[in-house]
Amino acid sequence: MQIDDLIARYPRLYHMAEDGSWASIKRDGLLSTRALLDHYEVDEKTKARLYSHHRPESVTLSHPAYGRAVVRDQKPMDDRGLERALGGALTPRAWYELLNDRVFFWLTEERLTRLLGARAYRSRQHTVLTLDSAPLIRKYAARITLSPINSGCTKPMPQPRGLSTFRRVADYPFDAMLAKRGARGDPIVELAIDSGVGDIAQYVIRVEQRRGPEVLEVLLGG
């Protein structure tokens, strides 16, 4: 797939963050779990637990200079489902580490809305970022991977996955996925960026507080 084609098809990207996190995201960037743990100088034992193992609940970090940040839960996923999905090619631990090395974006608002409406999240408030994809994708192209599945979900049915799930833009089989899934399907489900985006505020065009489909407050943008 070509960068220009990716941008033309998906002019906006979306990210669901912890409620109240916009100030720290604007200051520190949108960081992967691993980068956030390093930034907050988390002790090695806690870092290993949060980086390499399943998180059934969100975990709040605290730092004397940076304040508080939340490492979000992984409720849609579990070890048992991952073992089935990975088929012995990777361990659940390896998969958690692959995810925790990236920050993830939805390419359609429909996918974002689906996550906001999921049982685990629909009753809570979330900070939702809408981004201009063109400058973000052009700057971070070398660190972008695309996925045909929700890589952080194994429920209700764990879809097969492995190292080839994450492909660089030039290697992504867009035409084949489009033919397989049809006009109404999603040939790409996720866009991820290795490590994170330190200058994320440059690309954000709208910030909302949402609960489910309801927009409670617009923090940035018209």
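Trainee: Which residues does Leu-116 touch, not counting residues up to four places away in sequence?

Mentor: In this predicted model, Leu-116 touches Met-16, Tyr-121, Arg-122, His-126, Val-128, Arg-210 and Gly-212 once those sequence neighbours are set aside, where contact means heavy atoms within 4.5 Å. Residues are numbered from 1 along each chain as its sequence is written, and side-chain values use heavy atoms, with hydrogens and water left out. Local features need pLDDT of at least 70 and side-chain atom pairs count only at pLDDT 80 or more, whereas totals for chains, interfaces and linings use all residues.

Trainee: Why is Leu-116 called buried?

Mentor: Buried means under 20% relative accessible area, with exposed over 50% and partly exposed in between (1.4 Å probe, protein chains only). Leu-116 has a relative accessible area of 0%, so it is called buried. Leu-116 lies in helix 7 (residues 109-116), helices being DSSP runs of H or I with at least four residues and strands runs of E with at least two, both numbered from the N terminus.

Trainee: How far apart are Leu-116 and Glu-214 in sequence and in space?

Mentor: They are 98 residues apart in sequence and 9.6 Å apart in space, C-alpha to C-alpha.

Trainee: What makes strand 6 largely enclosed by the rest of the structure?

Mentor: Six of the eight residues of strand 6 (residues 125-132) are buried, and therefore the strand is described as largely enclosed.

Trainee: How do you know that strand 6 and strand 1 pair?

Mentor: Two strands pair if DSSP finds at least two bridges between them, and strand 1 (residues 12-18) is joined to strand 6 in the antiparallel sense over seven bridges, with Tyr-14 opposite Thr-130. Strand 6 also pairs with strand 11 (residues 204-211), again antiparallel and over seven bridges, and there Gln-125 stands opposite Arg-211.

Trainee: Why are both faces of strand 7 said to be covered?

Mentor: In strand 7 (residues 144-147), Ile-144 and Leu-146 on one side and Thr-145 and Ser-147 on the other are all buried. In a regular strand the side chains alternate between the two faces of the sheet. Strand 7 pairs antiparallel with strand 9 (residues 190-194) over four bridges, where Ile-144 stands opposite Ile-193. Two bridges join strand 7 to strand 8 (residues 167-168), also antiparallel, and the bridge partner of Thr-145 there is Arg-168.

Trainee: What makes a group of residues a nonpolar core, and how many residues does the largest one have?

Mentor: A nonpolar core is a set of buried Ala, Val, Leu, Ile, Met, Phe, Trp, Tyr and Cys residues joined through side-chain atoms within 4.5 Å. The largest has 31 residues, and Leu-6, Phe-105 and Leu-191 have the most contacts inside it. Helix 8 (residues 133-140) gives the largest share of this core, three residues. A second, separate core of 10 residues includes Leu-36, Leu-37, Val-59 and Leu-61.
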